[in-house]
Amino acid sequence: MSGPANSGNGGNVNQSEDELQREVNKFLGILNNCRNICQGYEKDWPGDYGDLFFSLCDDVMRMGFLIAASDGVVEICELQLYRYCFQVNMDYNILARSYGLDYSSEDSALHKIPKTLQCIAVAEKKNSLGKCFLKDTRAVMEMFKQFGTMMIRRKGYVMGYENYLLTYFLNHIMHFIFFVEEYDEMLNGPVELALPDLETGKKAQDVQREEEKNRLTQSADAGIHGRKYEMQGDVKENKEEIVQMGRMFGHGGDRSEENKREKEDNAEKDGSSGFHFGGGIRGRKSSVTESQPAENGGIDIEQIKKKLSEVDELIGLESVKKEVHDMVNLLVIQQMREKKGLRSGSVSKHLVFTGNPGTGKTTIARYIAEIYRDLGILRTGQLIETDRAGMVAGYMGQTAEKVKEVVETAMGGILFIDEAYTLTVDSEGDFGQEAVDTLLKLMEDHRDDFVVICAGYPDEMERFLDSNPGLRSRFSRYIHFEDYSADELVKIFEQFAEQQDYTLAPGLKEKLKEKLEEKRIEAGEHFGNARTARNYFETVMSNQANRLIREVGGLDLVSGTADGLTEIKEEDL
């Protein structure tokens with residue numbers, strides 16, 4: 001088999017045998033590491049799928065074939081990679097029989113999160129408390145990345161479409177990893193409920209919603225059919241009433257076909273099917289925008305009002321809530337003016353958040369991402385969180401690539417840069433300024449397709465904004481997050497307790513307030529606010545468990561009423 005000498009969409013790489021050997025050796029090191037990782041998570045892998053490591057290798061080989069076959073030609077040099085990397089002899093017929101149907105399917109594996117990686121991510125998350133860094137899952141992703149890169153380079157030239165497929169696939173996985181890392185099980189329930197089922201591809205939460213929607217729809221249909229003989233009088237009035245009832249339960253009335261076509265068009269523009277993970281905001285891309293009322297020029301006023309109501313229900317943050325309302329009011333009017341053909345001043349959507357850790361910056365950023373989506377400013381409204389480690393590399397040129405990768409994952413949504421001031425560390429050989437310069441260029445090149453929120457301590461953020469002449473001008477609004485008061489911290493603690501079916505013993509609030517104030521004094525300027533309250537709640541849960549075991553005289557005698565298992569007493573603090 002042979003291919004073209006070059007491609008207008010790619011370039012020569014002219015890979016030597018020494019370079020190939022180095023890449024293969026690197027892959028074998030990654031492969032061995034992943035073998036050890038899989039051994040640690042074998043117990044979490046469904047028995048129906050066989051050995052976890054074998055299944056992981058199968059997923060990687062499948063990805064490699066789909067990329068190799070994307071140009072219509074699978075060459076001998078590409079087939080040889082399977083022998084070099086997996087010590088198996090593969091010909092085209094074997095690969096085509098195993099993976100060919102997948103390639104020709106609209107439901108290709110390149111649009112999915114590999115089952116093996118998904119299993120490892122969930123299991124690794126379960127072994128961590130709260131937010132975490134999925135080290136093992138990222139190592140598994142590196143295996144996919146290395147083999148895919150080798151497959152693309154193997155011919156001696158790079159096809160632009162092959163490179164696009166691999167980038168799309170890896171970005172998809174990165175969204176998933178970000179989502180799992182940031183998912184808060186204490187607030188939102190088990191992470192596996194928010195992920196697609198390995199077999200059906202549907203999330204447990206979505207299945208529950210569909211069942212509820214079907215039940216309500218059936219009730220609505222029954223009501224409509226029961227009234228069909230009552231439309232002899234004012235037909236127009238009754239018909240409109242039925243249309244409104246249908247809309248309440250997900251029907252489109254007379255616009256059902258029109259809405260269906262509109263949603264399909266939007267899904268196609270957003271990048272087709274598959275799961276889109278980021279910030280825990282949405283599951284499938286096609287469900288990101290439920291409706292776009294035409295009478296408001298694409299602005300979903302009801303959803304915006306709902307999100308603002310949820311912001312108002314948050315504990316504390318009074319000045320922040322006012323800033324959010326002011327910003328939304330301005331943007332709504334600006335959008336309306338544009339739709340009416342009136343002049344509107346350009347308003348930057350990028351934001352700076354200042355404040356100490358645990359003051360709700362990430363939570364507010366998620367709401368703003370959804371509000372921007374409902375305003376029609378953003379396509380998808382996901383929130384991608386990163387920091388210096390996710391943007392700065394150790395060598396010249398690599399930093400720019402890292403920044404481009406993370407921005408690519410945030411396209412259509414918000415890139416949230418925590419502790420952004422660390423990008424501009426004043427030290428010789430540091431590439432943080434390269435990250436800032438690259439980010440500024442991408443903000444300009446894609447100013448209509450993603451938004452940046454930079455967050456950090458107030459003084460440090462001032463120095464950060466002064467580090468580049470064009471940086472401060474990119475951000476039009478600065479929102480400061482005050483520390484929570486002692487009373488607000490008690491409410492936050494109570495909220496955590498209520499969500500986990502715990503109750504405070506009578507008269508315990510004042511003692512809890514004293515304890516939280518002590519922690520504020522001990523931590524000083526590094527006090528974590530709501531984060532500290534949550535960590536302390538986890539400590540109190542552990543203290544209560546130890547007390548209950550002591551009271552019954554050991555693990556063998558554990559029993560008790562529901563009240564005894566839920567009540568938090570003073571000695572637990």
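The model is predicted.

**Exercise 1.** Determine whether phenylalanine 537 and phenylalanine 496 are buried or exposed.

*Solution.* Step 1: the relative accessibility of phenylalanine 537 is 0%, so this residue counts as buried. Step 2: phenylalanine 496 has a relative accessibility of 6% and therefore also counts as buried, the cut-off for buried being under 20%.

**Exercise 2.** Classify the ring pair of phenylalanine 86 and phenylalanine 147, then that of phenylalanine 496 and phenylalanine 537.

*Solution.* Step 1: a search of the whole structure gives 13 aromatic pairs. Step 2: for phenylalanine 86 and phenylalanine 147, the ring centres are 5.3 Å apart and the planes stand at 70 degrees, so this pair is edge-to-face; the cut-off for that class is over 60 degrees. Step 3: phenylalanine 86 belongs to helix H3 and phenylalanine 147 to helix H6, and the pair links parts of the chain 61 residues apart. Both residues are buried. Step 4: for phenylalanine 496 and phenylalanine 537, the centres are 6.3 Å apart and the planes are at 25 degrees, so this pair is stacked, as planes under 30 degrees apart are. Step 5: phenylalanine 496 is in helix H18 (residues 486–499) and phenylalanine 537 in helix H20 (residues 530–552), so the pair ties together parts 41 residues apart in sequence. Step 6: ring pairs join Phe496 and Phe537 with Phe493, Tyr502 and Tyr536 in a cluster.

**Exercise 3.** Describe how helix H3 packs against helix H6.

*Solution.* Step 1: the axes of H3 (residues 76–86) and H6 (residues 135–153) come within 10 Å and cross at roughly 140 degrees. Step 2: the crossing of H3 past H6 is right-handed. Step 3: H3 contributes Glu78, Leu81, Tyr82, Cys85 and Phe86 to the contact, while H6 contributes Met143, Phe147, Met150 and Met151. Step 4: sorted by class, the contact holds 8 nonpolar, no polar and 1 charged residues.

**Exercise 4.** Which residues touch the most other members of the largest nonpolar core?

*Solution.* Step 1: the largest nonpolar core has 95 residues. Step 2: the residues touching the most other members are Phe86, Met143, Phe147 and Phe464. Step 3: leaving aside residues up to four places away in sequence, methionine 143 touches Phe27, Ile30, Leu31, Cys34, Leu56, Cys57, Val60 and Phe86. Step 4: another core, of 52 residues, lies apart from the largest one and includes Ala497, Tyr502, Ile568 and Leu573.

Terms used: Residues are numbered from 1 along each chain as its sequence is written. This is a predicted model: local features need pLDDT of at least 70, side-chain atom pairs count only at pLDDT 80 or more; totals for chains, interfaces and linings use all residues. Side-chain values use heavy atoms; hydrogens and water are left out. Axes are lines fitted to C-alpha atoms, for helices over the stretch in contact, and angles run from 0 to 180 degrees between N-to-C directions. Helices (H or I, at least four residues) and strands (E, at least two) are DSSP runs, numbered from the N terminus. A crossing is left-handed if the near helix is turned anticlockwise from the far one by less than a right angle, and right-handed if clockwise. Contact means heavy atoms within 4.5 Å. Ala, Val, Leu, Ile, Met, Phe, Trp, Tyr, Cys and Pro count as nonpolar, Asp, Glu, Lys and Arg as charged, and the others, Gly among them, as polar. A nonpolar core is a set of buried Ala, Val, Leu, Ile, Met, Phe, Trp, Tyr and Cys residues joined through side-chain atoms within 4.5 Å. Buried means under 20% relative accessible area, exposed over 50%, partly exposed in between (1.4 Å probe, protein chains only). Rings of Phe, Tyr and Trp (its six-membered ring) pair if their centres lie within 6.5 Å; planes under 30 degrees apart count as stacked, over 60 as edge-to-face and the rest as tilted.
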